[in-house]
Amino acid sequence: MTTSFLVTKTAPRLGLTTALAGCLAVVLFAGPVRAEDKVLAKVNGSEIHQSDVALAEEELATSLAQMDPATKDANVLSFLIDMKVVSKAAEDQKVQDSDDFKKRLAFTRSRLLMDSLLASQGKAATSDDAMKKVYQDASKEISGEQEVHARHILVETEDEAKEVEEELKKGADFAELAKKKSKDPGASDGGDLGFFTKDQMVPEFSAVAFSLEPGKVSDPVKTQFGWHVIKVEEKRNRKAPDFDQVKAQIETYVTRKAQADYVSKLREAANIERFDKPEETAAKTDGKTDAKPDDSKAAPVKK
C-alpha cells in the first residue's frame, strides 16, 4: 500500500477539446428547467436560462479561468447567444446530417452518460463508514514507521563534497553552507528536506540518512543527482494525521476506487474484442482486463 493518489473528487472526465463541443453538450443535454430558473435572454424565441449559464461555466471552466469574475456571467451569456445564432444557421445548412457531426454527437452523448453514471457510483461509495475504514486501515500501515528529518548539501563532484565536509568540520553552519554551496532547489531553506520515510528517497541517500544519529553529518554520498553531504536533525516514529486533515484525500480515493471497480465489473461482463493488437485478442476475450488505476490500492494518509 502506498500513501498517495490522484486528487479528483468527481468521475474521471475527458477534457472538452473545443468550446464548441462543451456548448453542444450544454444545449443537447441540459436538464429540465426549474420553475425559479431565471430567463436571461431569448434568441429567435428560444430561451437561455440562468442554469444554462451555470452549466456552460462548469463545462468551460478551463477557458474561463483567467476571466474577470465580475464579467464572467455576462461574457458566457453573450457566448451562449452567439452559439444559438450560429447553431441555428448550422441547422439551416443541414450540418447535423453530416457523418462527422453524427459521430461527434454520439461521442459526446456516450461521454456524458459515462460521466453521470460514474459520478453517481462514486458519490454512493463515499459514506462515512467507508471513508473511516480506509483511514483506519491506512493508519495501521504507517503508524510506527520511522521518519527522518534531514538537511543536505548537493554538489556536482566528490572533491566539492569533500571540501564541504572539511568546512563543516571546521565549524561552518550547515544551513548557511547549504545556501551558499548546494545546487538543490531547497538550498534557500538551508537544504532542509523536512521529514521523510525511507522509501521517499533514492536508496543510496536513505541508507545513509537512516543510519545516522541526530546531529551527525555524513561522509560524501553519491546518488544519481550528484554528491550529497547529509545532516540528520531528528528521528521519530510516524503518526497518522487526524481524519479531518485527510478527509478530502480519502473521499477522492474512495470515489475513484469505486468508479474503477465498477468499470472493471462492467468490462468483465462485456464481450470486448480488440483489433488493434490481434496477437493479444485471444487472451482478452474473457473481458477480464483490469481497469483499476495504479493507485487502487493506495492509502491516502500522507502528510
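User: Which residues are buried in α4?

Analyst: First, a word on the source: this is a predicted model, where local features need pLDDT of at least 70, side-chain atom pairs count only at pLDDT 80 or more, and totals for chains, interfaces and linings use all residues. Residues are numbered from 1 along each chain as its sequence is written, and side-chain values use heavy atoms, with hydrogens and water left out. Helices (H or I, at least four residues) and strands (E, at least two) are DSSP runs, numbered from the N terminus. Buried means under 20% relative accessible area, exposed over 50%, and partly exposed in between (1.4 Å probe, protein chains only), and in α4 the buried ones are Val76, Leu77, Leu80, Met83 and Lys84.

User: What is the N to O distance in the salt bridge between Asp137 and Lys133?

Analyst: A salt bridge is a side-chain nitrogen of Lys or Arg within 4 Å of a carboxyl oxygen of Asp or Glu. Asp137 and Lys133 sit four residues apart in helix α6 (residues 128-142), so about one helical turn separates them. An α-helix has 3.6 residues a turn, so residues three or four places apart point the same way. In this pair the side chains meet, N to O, at 2.9 Å.

User: Is Arg238 buried or exposed?

Analyst: Arg238 forms a salt bridge with Glu147, with the closest N and O atoms 3.6 Å apart. That pair links distant parts of the chain, Glu147 being in strand β3 and Arg238 in the loop between β6 and α10, 91 residues apart. With a relative accessibility of 6%, Arg238 counts as buried.

User: Which residues do salt bridges that share partners join into one network?

Analyst: Arg238 also meets Glu145 in a salt bridge (3.5 Å, N to O). Glu147 is buried, at 7% relative accessible area, whereas Glu145 is partly exposed, at 29%. The network is made up of Glu145, Glu147, Arg236 and Arg238.
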